[in-house]
Amino acid sequence: MAEFSNPSIDRRSGFCKSKSIFYSKRKPVQLPPNESLDVTTFISSRAHHGKIAFIDATTGRHITFAELWRAVDSVATSLTDMGIRKGHVILLLSPNSIFFPVVCLAVMSLGAIITTTNPLNTPREIGKQIADSKPVLAFTIKELVPKLAGSTVPIVLLDDSKTTSSEARIVTTLQDMMKKEPNGTRVRGRVNQDDTATLLYSSGTTGASKGVVSSHRNLIAMVQTIMGRFKLEEGLQTFICTVPMFHIYGLAAFATGLLSSGATIVVLSKFDMHEMLSAISKYQASYLPLVPPILVAMINNADQIKSKYDVSSLQTVLSGGAPLSKEVIEGFVQRYPTVTILQGYGLTESTSIGASTDSLEESRKYGTAGLLSPSMEAKIVDPDSGKALSVNQTGELWLKGPSIMKGYFSNPEATTSTLDSEGWLRTGDLCYIDDDGYIFVVDRLKELIKYKGYQVPPAELEALLLTHPEISDTAVIPFPDKEAGQYPMAYVVREAGSRLSESAVMDFVAKQVAPYKRIRRVAFVASIPKNASGKILRKDLIKLATSKL
């Protein structure tokens, strides 16, 4: 627990009455004093005794730490020879892969910026991100090349597929880049910790997808937080990577953070329950990060799992995306008594850092998001008056700390509405902090639907539905679901005379969005309830939708 030198800070809750700020009770993270430092150099210079960095769960192919850093240097040299410089944006469109981190680390070592996108996204959705971020080069796999058909960005293939003359935009392969002799004198822009490292797209607090600008300092602070949290014995732990690397959760933990410890990371290209359990058994994995629906599946199928797979090596399960209930926590503890269950709360805008439970005892504060992460400060702010509130009072959670983003890319209006002049991030989550400093998420101010850990912005689906000639008005809400958490449901007002069906509405959306954004329930209504200013009264629709459950 951090020592509070200020007598006005309550040691139990971390609350300072004079400033109306909650301070973290955890030991602060130490940031390197050298301003001229990129996150790749920071990670690669950390001393550890780990040998194998990544293992492909499907093929068994692995990369040692020595091979990893050699590959990073070779790819960085190749990028330099291709004219890539500090500030250039590089797109990475790929499922999880042992080569995903190689690309990220090489790009960031040059001061160039990595932007990732979901392989499930449609060409339309990817095209919008390309138009906004303007990448000068794209890395992808052969089967995803068609999703880049609408752009002229040159392509590097991550797999060994041979190019054909009809694919003129494919300039080389990652394998060829990795064969390049590293050039110690390659052109490197002088990278400062405040320079941009990543550009990840998030729905933020308002709905429309925006590029989150994170600095090298943000990522270094995240790495330090992860290292301090797990207190890993160097080189002795094995993690299973089930969460997507394109997402902040996967990128933070697997493509950067855990490398500092010398841990081995077993990579699943996509989530599959059998593959995950087989990998735990085969590689004697000790840590398993996942999202709540997978955790629930492990509880419901515990007897079957234990009879088919050896999961005795598992020490810790890390859950993120939503707080776990008492039933889920105790159900898991009962079925897997030797496994500690930990939770975390974070946003893309906070580089996945915010709050966490670091022991089973902390997780048994049922429903909590945890204690504030190291060096993180919080305010609970009344959304109407803007007044900072005290212990056990509910308001919007604001966060401030070394991992908070620089802002939204080329979107000063969205930045100003999310980050105040002092660097406080408005999370869009209604929370309270109790007498012991634990954060509890009560509701969302931000109108996001959480489907299996993915964020689905209702505004995006509503805008798409309104392009249908037979829909005059619409509203999309989260509908509760035991397996998925929530899924999108649409209330639709048909044009006069239309006989548009529920399935036609769902099919219309399904053709144009990634699978996790699909509408899975439709109700037709005479009008959409709105307030005087025209804002959709979503709470009324949620109440209507769930009244028959």
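**Reading a structure from its contacts**

A polar atom in the side chain of Ser 403 lies 3.1 Å from the backbone oxygen of Ser 350. This is a polar contact, that is, a pair of N or O atoms within 3.5 Å; within protein, one must be able to donate a hydrogen and the other to accept it, and residues adjacent in sequence count only if both atoms are side-chain atoms. The model is predicted: local features need pLDDT of at least 70, side-chain atom pairs count only at pLDDT 80 or more, and totals for chains, interfaces and linings use all residues.

Ser 403 belongs to the loop between strand E20 (395-400) and strand E21 (407-408); helices (H or I, at least four residues) and strands (E, at least two) are DSSP runs, numbered from the N terminus. With a relative accessibility of 3%, Ser 403 counts as buried (under 20% relative accessible area, with exposed over 50% and partly exposed in between, for a 1.4 Å probe and protein chains only). Apart from neighbours within four places in sequence, Ser 403 is in contact (heavy atoms within 4.5 Å) with residues including Asn 218, Ala 221, Ser 350 and Met 376.

Gln 237 is also a loop residue, placed between helix H6 (216-230) and strand E12 (238-241). Gln 237 is buried, at 8% relative accessible area. Its side chain and that of Ser 286 are joined by a polar contact of 2.6 Å. When residues up to four places away in sequence are not counted, Gln 237 touches Leu 232, Ala 263, Thr 264, Ser 286, Tyr 287 and Gln 315.

Thr 474, by contrast, is part of a strand, E26 (residues 471-481). Its relative accessible area is 2%, so Thr 474 is buried. A polar atom of the Thr 474 side chain lies 2.9 Å from the backbone oxygen of Tyr 491. Among the residues that Thr 474 touches, beyond four places in sequence, are Leu 465, Tyr 491, Val 492 and Ile 528.

Consider next a helix. In H9 (residues 292-300), the buried residues are Pro 292, Ile 294, Leu 295, Met 298 and Ile 299. Viewed down the axis of H9, these residues fall within an arc of 160 degrees and therefore line one face of the helix; the arc is that of the directions from the helix axis to the C-beta atoms. An α-helix has 3.6 residues a turn, so residues three or four places apart point the same way. The partners against which the buried residues of H9 pack include helix H8 (273-283), strand E14 (287-290) and helix H11 (326-335).

Strand E18 (residues 368-372) runs antiparallel to strand E23 (residues 438-444), and three bridges join them; two strands pair if DSSP finds at least two bridges between them. Here Thr 368 stands opposite Phe 440 in E23. E23 also pairs with strand E22 (residues 425-433), in the antiparallel sense and over five bridges, and Cys 431 stands opposite Val 441 in E23. Four residues lie between the strands in the hairpin of E22 and E23, where Gly 437 takes a positive phi near 85 degrees.

Notes. Residues are numbered from 1 along each chain as its sequence is written. Side-chain values use heavy atoms; hydrogens and water are left out.
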